[in-house]
Amino acid sequence: MCRSIKTLRPPVLPGAATEDDIHAAALQYVRKVSGFRAPAAHNREVFDAAVAAVARATAELLGDLEVRGHAPRAATEAGERP
């Protein structure tokens, strides 16, 4: 596991993960898996697409997780109470 990626779910993260938090974690993951800190110009498009895909999957995961004592983010955003 990449040590730079922090846990983004409650209660580890006091509030909801921000888009910046999710993007940073996705970027660190793609960097680790690809072995590139910054890709060459000919790999930039695929690198950026991978970061975006990981960020979407991460946001979906965090939105759907059910953690004891915390309502799923999707339910909270819809106005439901935990």
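Tutor: Lysine 6 is partly exposed, as its relative accessible area is 47%. On this scale, buried means under 20% relative accessible area, exposed means over 50%, and partly exposed is in between, with a 1.4 Å probe and protein chains only. The model is a predicted one, in which local features need pLDDT of at least 70 and side-chain atom pairs count only at pLDDT 80 or more, while totals for chains, interfaces and linings use all residues. Residues are numbered from 1 along each chain as its sequence is written, and side-chain values use heavy atoms, with hydrogens and water left out.

The side chain of lysine 6 forms a salt bridge with that of aspartate 21, at 3.7 Å from N to O. Because lysine 6 belongs to the segment before α1 (19-34) and aspartate 21 to helix α1 itself, the pair ties together parts that are 15 residues apart in sequence. A salt bridge here is a side-chain nitrogen of Lys or Arg within 4 Å of a carboxyl oxygen of Asp or Glu. By this rule there are two salt bridges.

The other pairing is between the side chains of arginine 44 and aspartate 48, at 3.1 Å from N to O. Both residues lie in helix α2 (residues 44-64), four residues apart, which is about one turn of the helix. An α-helix has 3.6 residues a turn, so residues three or four places apart point the same way. Arginine 44 is partly exposed at 36% relative accessibility, and aspartate 48 is likewise partly exposed, at 38%.

These pairs belong to a simple overall plan. The protein has three helices and zero strands, and from the N terminus on its elements run α-α-α. Helices (H or I, at least four residues) and strands (E, at least two) are DSSP runs, numbered from the N terminus. Of the 82 residues of the protein, 26% count as buried.

Helix α1, which holds aspartate 21, deserves attention next. At 1.5 Å a residue, its 16 residues should span 22 Å, and the 22 Å between its end C-alpha atoms agrees with this. The expected span of a helix is 1.5 Å times one less than its number of residues. Aspartate 21 is among the buried residues of α1, together with Ile22, Ala25, Ala26, Leu27 and Val30. Alanine 24 also lies in α1, but alanine 24 is partly exposed, with a relative accessible area of 37%. Its C-alpha atom is separated by 9.2 Å from that of serine 4, 20 residues away along the chain. Glycine 35 follows α1, and its phi is positive, near 85 degrees.

Helix α2, which holds arginine 44 and aspartate 48, has 21 residues and reaches 30 Å from first to last C-alpha, close to the 30 Å expected at 1.5 Å a residue. Its buried residues are Phe47, Val51, Ala55, Thr58, Leu62 and Gly63. They cover an arc of only 135 degrees around the axis, so they are on the same side of α2; the arc is that of the directions from the helix axis to the C-beta atoms. The face turned away from this buried side carries the exposed residues Glu45, Val46, Arg56, Glu60 and Asp64. Phenylalanine 47, with a relative accessible area of 6%, is 13 residues from serine 34 in sequence and 8.4 Å from serine 34 in space, C-alpha to C-alpha. Serine 34 and alanine 50 are 16 residues apart in sequence and 9.9 Å apart in space, again C-alpha to C-alpha.

Both helices also contribute to the second largest pocket, each supplying at least two residues of its lining. A pocket is an open set of points on a 1 Å grid over the protein atoms alone, where a 1.4 Å probe fits, with protein on both sides within 12 Å along at least five of seven lines; lining residues have an atom within 4 Å of a point. The second largest pocket is lined by 15 residues, of which Ile5, Leu8, Ala25, Thr58 and Leu61 lie nearest its centre. Helix α2 gives the most to this lining, with five residues.
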